[in-house]
Every structure is written in C-alpha cells, then in structure tokens.
Amino acid sequence: MRFMEDQRSKGAVDEQFQAFIERESKNQRFQVLAHNLTEICWELCVGTPGHSLDSGTHNCLVNCVNRFIDTSSFIANRLGNIILNNPKEVDLK
C-alpha cells in the first residue's frame, strides 16, 4: 500500500512541476513579447531621447503599442478559430 501512495504523490508532484513549467514558459513568452514591443516602438517613435517625451513621440508610442496589441489579439483569435473549425488539420505538438 505504501508503494501506491508514493506513486500517487509522485504523480501529483509531476503535475505540479508540469504546471509550474507551463506558467514559467508563459511568463517568459510574455517578457519576450514585451521586450520586442518596446524595441520596435522605441525605434519607430523615438529619435533622440531627451529629458521628457514630446506629445508627438508620446502619441506615436501609444499608437504603436495599441496597434501591436490589436494585431496580437487578432492573430490569437484567428488561430483559435482555425483550431476550433479544423482541429484535425492543426498539429499542436
């Protein structure tokens, strides 16, 4: 009986570890996305940095971030629809 309990608890640890790995992977992907967004919008909008942002630079950064978020949401929704409509054609591995 003790052996079975040990194996069950091992499975629970493995599940917890797997969930931890998945959370950390999502966090890492978000950090990469945020870094890329910052780099793209900074290069696009900021010429030479000063003590403060002028209104044009501020507006450019806001618009850049909003378009990036809109595009990311659109792509995620589109891929979700493709997976829902054609699950056999999508390899999720």
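Figure 1. C45 is buried because its relative accessible area is 11%, where buried means under 20%, exposed over 50% and partly exposed in between (1.4 Å probe, protein chains only). C60, at 25%, is partly exposed. The two are joined by a disulfide with an S to S distance of 2.0 Å; a disulfide is a pair of cysteine sulfur atoms within 2.5 Å. This pair links distant parts of the chain, C45 in helix α1 and C60 in helix α2, 15 residues apart. Helices (H or I, at least four residues) are DSSP runs, numbered from the N terminus. The model is predicted: local features need pLDDT of at least 70, side-chain atom pairs count only at pLDDT 80 or more, and totals for chains, interfaces and linings use all residues. Residues are numbered from 1 along each chain as its sequence is written, and side-chain values use heavy atoms, with hydrogens and water left out.

**Figure 2. The disulfide of C41 and C64.** C41 and C64 are joined with an S to S distance of 1.9 Å. The torsion about their S-S bond is about -85°, so this disulfide is left-handed. C41 lies in helix α1 (residues 2–45) and C64 in helix α2, 23 residues apart. Both cysteines are buried.

Definitions and conventions
Helices (H or I, at least four residues) and strands (E, at least two) are DSSP runs, numbered from the N terminus.
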